[in-house]
Amino acid sequence: MSSVRLLIGTRKGAFILTADGSRTDWAISGPCFPGWEIYHLKGSPADPNRLYASQTSSWFGQQIQRSEDGGLTWSPVNNEFQYTGSPGTHQTYDGTAQPWQFKRIWHLEPSLTDPDSVFAGAEDAGLFQTSDGGLHWREIPGLRTSETGPRWQPGAGGLCLHTILLHPTDPERMVIAISAAGAFRTDDAGKTWKPINKGLYSKYLPDPSAEIGHCVHHIAMHPQRPDTLFMQKHWDVMRSDDAGDHWTKISGNLPTDFGFVIDVHAHQPNTVYVVPIKSDSEHFPLDGRLQVFRSRTGGNEWEPLTRGLPQEHCYVNVLRDAMAVDTLEDCGIYFGTTGGQVYCSPDGGETWKAITHDLPAVLSVEVQTLP
Amino acid sequence: MKAATGAQTTSITHHIRVDLPLHLRRLANIPADARDLILEVPAPVTIASCLDELEHRFPMLRGTIRDHITRQRRAFLRFFVCMEDWSHLPTETPLPKPILDGREPLIILGAIAGGY
């Protein structure tokens, strides 16, 4: 019988939650790396027992941990992330130029085919890669040194590269997103990059339709339809059907279109999930009701999914990397909150149940579907 | 701030007690109930030479106390020597006799900086 393994990154360590395919009874192990911020963990699609974790601390800096046994044991690998050449500057909050300075890894994206190859998204925004399982990291400098790089500014969470989408069949193509620079795509394996932000509108910018400067919170893609991208921007839920060249707004009837997470059903490329958050000033659900919204039409027409979710006095947030879907037949949806709850819907969002209530604030959720 | 207390004999190797923060002990797989970490450091013994030996013996600690390239101390870590804060002294400053003869540890301390 198939099983699932959830990889949960929190403010105070990592947790691994496992269940069989029914997803009713869960075993919780952890914390791994207690006391450290675990921004992200992810398993290799090519070897599910090979896991990588980004472990970070304001005191002690960055560590990358690797597991060969599905998270039972871990070993630190190389933690040296150096920008290539003379790093130059980007813009900072007050509009002055600031030298690029490595702070942490927000997201790890293992290769689809090679367990030793991993991409890492950094703050300050840079894209790094290892080809030897984390023993060495090198920057892919074409992104940061592209024409717009010196004009990038941080969002409130920092100048972070938080989303990395690998094309399922074209190894030359990759989409990434940076807060608050926007989305970028390479079609030549990282040598050159172009901003893909046409159609985004951010009223807080002097030019709301500017080439860069948009606070993209997350982007999701279904592997069967890789040219279709779904974006949760700071405000606005957006869709592109040409790999990001043009975007259209699909917020439709959402009660608020601010939010962080967005994901796509494993078997229905037009079924999309978001968790609306009240506003950028009040990072909690509207009216204290935690609601996932689902669109079965690729956007614009949204339905609230609330069965099993708290519908009063709920003031948590769901951060950008804290939603995932499994690939079981009746697709499971998972998300974690800043209140430490991890919710599971084993039926595509119809019903929800908290797997656990009391973890530290959840930063990231990934799921592995195991044979 | 006082600095060095006398010249060190260069041909001697000293056994230096080092007190590490809990998180770094865990990262280095040093058992929680272990006594002070002892480093063998050739004279002249300085904070820099102690860190060199520490990072040689525990490579996973590289970058956790000082920057990989600049060797600058990370902002929220402090170096305490014989009840004095040596964090702002040059790390090439020779350490005093109580550290060299093991009566006092070199304390590497995570700053009490609050947070969430």
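In β25 of chain A, Leu305(A) is the bridge partner of Val292(A), and the strands concerned, β24 (residues 292-295) and β25 of chain A, run antiparallel and are joined by three bridges. Strands here are DSSP runs (E, at least two residues) and helices are runs of H or I with at least four residues, numbered from the N terminus, and two strands pair if DSSP finds at least two bridges between them. This is a predicted model, in which local features need pLDDT of at least 70 and side-chain atom pairs count only at pLDDT 80 or more, while totals for chains, interfaces and linings use all residues. Residues are numbered from 1 along each chain as its sequence is written, and chains are lettered from A and ligands numbered from 1 in the order in which they are written.

| Strand order (chain A) | Pairing | Edge strands |
|---|---|---|
| β22-β23-β24-β25 | antiparallel | β22 (262-264) and β25 (303-305) |
| β4-β5-β6-β7 | antiparallel | β4 (37-44) and β7 (75-76) |

In the β4-β5-β6-β7 sheet of chain A, β4 and β7 each have a single partner strand, so one side of each is left without a neighbour in the sheet. Seven bridges join β4(A) to the antiparallel strand β5 (residues 47-57) of chain A, and Ile38(A) stands opposite Gln55(A) in β5(A).

Chain A as a whole holds one helix and 30 strands. Its radius of gyration is 19 Å, close to the 21 Å that the globule rule gives for 371 residues, so chain A is as compact as a globular protein of that length; the radius is taken over C-alpha atoms, and the rule is 2.2 Å times the number of residues to the power 0.38. Buried residues, which have 20 or more other C-beta atoms within 10 Å of their own, with C-beta atoms placed from the backbone, make up 53% of the 371 residues in chain A.

In chain B, helix α2 (residues 47-57) has Ile47(B), Ser49(B), Cys50(B), Leu51(B) and Leu54(B) buried, and what covers them includes β1 (13-19), β2 (37-42), β3 (77-81) and β5 (106-110) of chain B.

Between the chains, 14 residues of chain B are in contact with 13 residues of chain A, contact meaning that the C-beta atoms of two residues, placed from the backbone, lie within 7 Å. Helix α1 (residues 22-27) of chain B gives the most to the side of chain B that touches chain A, with three residues.

Methods
A residue is buried if 20 or more other C-beta atoms lie within 10 Å of its own, exposed if 12 or fewer, and partly exposed in between; C-beta atoms are placed from the backbone.
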